Structure formats: structure tokens, C-alpha cells
Amino acid sequence: MMQQIYPSVAHPFRYELNKDLQFAAAHYVPSERAGKCSRVHGHTYFVNVTIAGNQLDETGFLADFSALKKIIHDRFDHSLLNEHAEFFDNEDADRFPTTEIVARTICDLIQAYLDQTENKPVCVQVFVRETPTSYVLYRPFAGGSHER
Ligand SMILES: Nc1nc2c(c(=O)[nH]1)N=C([C@H](O)[C@H](O)COP(=O)(O)OP(=O)(O)OP(=O)(O)O)CN2
Ligand SMILES: [Zn+2]
């Protein structure tokens, strides 16, 4: 699944960077309505992160590819997503580890890192593929401005 072409996101910035990464993790969706997915099972999550901005840093990077990988892969690889209590909550449907909420969480984590960099680019899209037939796109600025 790596090296696939992802849906593009409209933005006004001069530079756009994309980073593919993956991690293996278990999860369950803690709702009877999730059917078989309410039982613990695992995926290899394929993620594409899109970052955009007008300024590069002193290294000529929009963002450091290696740092982006570390933020996500090192945190979630070979873990049970439901156990990351700082991000997910089995009692709150807006914090269940669904593909949608995993994508939003990844975007928030990446943006928190970018906010600390000198050139302050923005994460404009996160793609998360959970299975060969299921993926989600999260676009934090959809329908609005890129100002934060
Ligand atoms: N909108 C969402 N729907 C489902 C999610 C989700 O996160 N968001 N998650 C699941 C399950 O966790 C499951 O891992 C994925 O389900 P599904 O795509 O149905 O997997 P299959 O391999 O059974 O699908 P095929 O159509 O047979 O390829 C369920 N729904
Ligand atoms: Zn699943």
C-alpha cells in the first residue's frame, strides 16, 4: 500500500510534503453496534500525512520526515490503541479508537509538533488505511480557513 497516490487536499501554501508511515496495532471499538470489531483484533495501519506551509526551516525542510515517523510509529507500534488513555476513552464515543478518531488523533499529534518548529507549517490532511478495503481522510481545515 505504500507509494500509492492519495486524494489531494486543496490549500493555499507554496510547499506540500507527504510522509507515508505504518504501524501495527490492536484495537477494539467498545460498542455492541461495532459487531465483530468490538472484539480485540489487529491491523497494520497505513498512514499518509500531508503538511503544507510557505516557509522552510534552517535545514531547508518544511518538516523533518524522520521526526514525523517517530511521533506516530514509536508511540503506537505494537500497542493496544484503547490503552492510550491520553487519546482514547472506552466511555466516550468521540474518543473510541475508530479509524476516524485515529486519523484525527494523528493530525493533532503532528500539529502539536509542528507548532513548536520555527517555520510552523500545518497538517492539512491525514489518510489512515485500516484494512485493504477501508480508509479515512481527516482534513482539519475542511470548509474553513487555514488560520488557526
Ligand atoms: N466508520 C468506521 N466503520 C468501521 C470501523 C471504523 O473504524 N470506522 N472499524 C471497523 C472495524 O474495526 C474493522 O477493523 C474494519 O472493518 P471492515 O472494513 O468491515 O473490515 P473487513 O475486513 O471485514 O471488510 P471487508 O469488506 O470484508 O474487506 C468496522 N467499521
Ligand atoms: Zn479494526
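Cysteine 37 counts as partly exposed, because 15 C-beta neighbours lie inside 10 Å. The model is predicted, and this residue belongs to the positions Cys37, His78 and Glu130 that an unreviewed UniProt entry lists under "active site". Under "binding site", the unreviewed entry lists His27, His41 and His43. Although these three span 17 residues in sequence, no two of their C-alpha atoms are more than 8.2 Å apart, so they gather at one spot.

**Positions listed as "active site"**

- Cysteine 37 is placed in the loop that connects strand 1 (15–27) with strand 2 (41–53).
- Apart from neighbours within four places in sequence, cysteine 37 makes contact with Tyr28 and Val29.
- Histidine 78 occupies the loop between helix 1 (65–76) and strand 3 (79–80).
- Histidine 78 has 10 C-beta neighbours inside 10 Å and therefore counts as exposed.

**Positions listed as "binding site"**

- Histidine 41 lies in strand 2, and histidine 43 is also found in strand 2.
- Histidine 41 counts as exposed, because its C-beta neighbours inside 10 Å number 11.
- Histidine 43, with 19 such neighbours inside 10 Å, counts as partly exposed; the threshold for a buried residue is 20 or more.
- When neighbours within four places in sequence are set aside, histidine 41 is in contact with Ala26 and Tyr28.

**Contact between the two listed groups**

- With neighbours within four places in sequence again left out, histidine 43 is in contact with Ala25, Glu130 and Thr131.

Technical notes
Residues numbered from 1 in each chain as written. Chains lettered and ligands numbered in written order. Predicted model: local features only at pLDDT ≥ 70, side-chain atom pairs only at ≥ 80, totals over all residues. UniProt positions renumbered as here; feature names shortened; annotations may be inferred. Helix = DSSP H or I, 4+ residues; strand = E, 2+ residues; numbered from the N terminus. Buried ≥ 20, exposed ≤ 12 C-beta atoms within 10 Å, placed from the backbone. Contact = placed C-beta atoms within 7 Å.
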